Amino acid sequence: VGAIALASALKVNKTLKKLDISCNEIDLTGVMALTESLKINKVLLQFHIAQNRIGQTGAAAIGDALKNNEVLTHLNIQSNDIREEGVISLTDALKTNMTLQVLNLSTNRIGHGGKDALSNVCTYNPNCIITY
């Protein structure tokens, strides 16, 4: 409920530049609402949603949001049980998103395929620093 209310506020946000909602037990429903807000938010620069429960589907939703978001520069999604498939969804978005500068994926089980996909991101977005 809290994440859904926050997502509604983010849709009309005109001032908040950094949001840290790490360690809040945000689940798939919450992250889906938040990612819809990221698609239209034009001012949020840093989004920290580490140590929640977003998983594969949440990572894919974040990737989808990154395809439309042209302002977010820092994304921290460490410790969210994101695996290879989720990482590949994110990297697909990073092929077109040139705004994101820092992506923290540490303490996720991204596998060899995920690592390969992340290493290829640098060809598309050489300014993005990725931690995994």
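## Terms and basis

Buried means under 20% relative accessible area, exposed means over 50%, and partly exposed lies in between, using a 1.4 Å probe and protein chains only. Helices (H or I, at least four residues) and strands (E, at least two) are DSSP runs numbered from the N terminus.

The model is predicted: local features need pLDDT of at least 70, side-chain atom pairs count only at pLDDT 80 or more, and totals for chains, interfaces and linings use all residues. Residues are numbered from 1 along each chain as its sequence is written, and side-chain values use heavy atoms, with hydrogens and water left out.

## Helix H1

Helix H1 spans residues 2-12, and its buried residues include Ala 3, Ala 7 and Leu 10. Viewed down the axis of H1, the buried residues fall within an arc of 60 degrees (taken from the directions from the helix axis to the C-beta atoms), so they line one face of the helix. Gly 2 and Val 12 are exposed, on the face turned away from the buried side of H1.

Strand S1 and helix H2 (28-40) are among the elements that cover the buried residues of H1.

## Sheet

The open sheet has five strands in the order S1-S2-S3-S4-S5, with parallel pairing; two strands pair if DSSP finds at least two bridges between them. S1 (18-20) and S5 (129-131) are at the edges with a single partner strand each, so one side of each has no neighbour in the sheet. On average, neighbouring strands of this sheet are turned by 5 degrees against each other, direction ignored; the axes are lines fitted to C-alpha atoms, for helices over the stretch in contact, with angles from 0 to 180 degrees between N-to-C directions.

Strand S4 (residues 102-104) pairs with S5 in the parallel sense over three bridges. Val 102 has Ile 129 of S5 as its bridge partner.

## Nonpolar core

A nonpolar core is a set of buried Ala, Val, Leu, Ile, Met, Phe, Trp, Tyr and Cys residues joined through side-chain atoms within 4.5 Å. The largest one holds 34 residues, and those touching the most other members include Leu 34, Phe 47, Ile 49 and Leu 103. H1, H2, H3, H4 (84-94) and H5 (111-124) each supply at least two residues of this core.

## Lys 67

Lys 67 lies in helix H3 (residues 55-68) and is partly exposed, at a relative accessible area of 48%. Beyond its neighbours within four places in sequence, Lys 67 is in contact with Ala 93 and Thr 96.

Technical notes
Contact = heavy atoms within 4.5 Å.
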